[in-house]
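Hello,

Here is the structure I said I would pass on. My notes on what turned up follow below it.

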Amino acid sequence: MSGFVVLEGGEGVGKSTLIVELSKSFLAMGVKVLTTREPGATSLGKVLRDLLLDPQRKIDKMAELLLFAADRAQHVGEVIRPAINDGALVLCDRYVFSTIAYQGYGRGIDLRKLEFLNSIASSGLLPDLVLLLDLEPEIAIRRVSKRLEEVKKYSRSEVSEADRFENCDMEFHRAVRRGFLNLASEFKDIFVTLDASKSPQVLVSEALALVRERCGL
């Protein structure tokens with residue numbers, strides 16, 4: 001049985017870790033799983049992701065919005081919808097709600113414009129379940145800083161500096177969090193908010209139960 005589950009939240013809340021553990025758990029159960037993300041899940045998306053996250057690049061907020069929309073349109077058409085039609089459980093790191101939280105509440109773009117653009121870019125496709133990982137921005141950004149320090153210390157990876165969004169000031173991150181919490185209140189039928197300060201093991205257990213219940217797995 002297919003399903004479409006999205007993980008949302010600000011920087012440093014643990015979405016990447018949770019999605020990996022959920023995928024492992026469902027694969028072990030014999031479930032067909034596809035893990036994906038925005039931006040960057042397609043060949044076009046990888047190019048757009050490099051542009052959007054480059055900390056040295058200045059991008060107008062409307063140009064930023066349209067680049068995210070282009071990534072999403074390609075993502076839905078090339079990856080998400082075909083996987084759902086093929087009977088897979090799709091686990092996606094960020095989706096339309098990140099656009100509202102970041103470009104709407106964070107950048108100040110009119111929410112009605114965002115909703116209209118999202119509906120076009122997503123072809124109206126909404127998830128069965130949204131898991132919102134919520135954490136105070138001050139704690140989350142400290143996590144990001146610690147992760148980058150670990151990368152610098154133990155890895156030769158070139159990804160050792162904060163991206164364009166991680167580099168935003170604290171007021172931006174607070175606004176993004178408000179946006180996500182407002183969305184959770186507005187879309188109560190599909191949103192579940194998880195306390196991201198809990199241990200990874202507890203979060204995996206909670207998320208696993210929620211996905212199994214909502215998607216009938």
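**Aromatic pairs and a central strand**

Phenylalanine 187 is partly exposed, at a relative accessible area of 23% (buried means under 20%, exposed over 50%, and partly exposed in between, with a 1.4 Å probe and protein chains only). This is a predicted model, in which local features need pLDDT of at least 70 and side-chain atom pairs count only at pLDDT 80 or more, while totals for chains, interfaces and linings use all residues. Residues are numbered from 1 along each chain as its sequence is written, and side-chain values use heavy atoms, with hydrogens and water left out.

Phenylalanine 187 forms an aromatic pair with phenylalanine 97; the pair is edge-to-face, with 5.6 Å centre to centre and 70 degrees between the planes. (Rings of Phe, Tyr and Trp, the last by its six-membered ring, pair if their centres lie within 6.5 Å; planes under 30 degrees apart count as stacked, over 60 as edge-to-face and the rest as tilted.) The two residues are 90 residues apart: phenylalanine 97 is in helix 4, and phenylalanine 187 is in the loop between helix 7 (170-186) and strand 5. Helices (H or I, at least four residues) and strands (E, at least two) are DSSP runs, numbered from the N terminus. Phenylalanine 97 has a relative accessible area of 2%, so it counts as buried.

The structure holds eight aromatic pairs. Another edge-to-face pair is phenylalanine 4 with tyrosine 95, at 5.1 Å centre to centre and 80 degrees between the planes. Phenylalanine 4 lies in strand 1 and tyrosine 95 in the loop between strand 3 (89-93) and helix 4 (96-106), 91 residues apart. Phenylalanine 4 is buried at 1% relative accessibility, and tyrosine 95 is buried at 0%. The charged end of arginine 72 sits over the ring of tyrosine 95, 5.6 Å from its centre (the criterion is NZ of Lys or CZ of Arg within 6 Å of the ring centre and within 35 degrees of the ring normal). Ring pairs also link Phe68, Tyr102, Phe165, Phe172 and Phe180 into a cluster.

Now strand 4. Six of the six residues of strand 4 (residues 129-134) are buried, so the strand is largely enclosed by the rest of the structure. Leu129, Leu131 and Leu133 are buried on one side, and Val130, Leu132 and Asp134 on the other.

Strand 4 runs parallel to strand 1 (residues 3-8), joined by four bridges, and parallel to strand 5 (residues 191-195), joined by five. Two strands pair if DSSP finds at least two bridges between them. Leucine 131 is the bridge partner of leucine 7, and leucine 133 stands opposite leucine 194 in strand 5.

Regards
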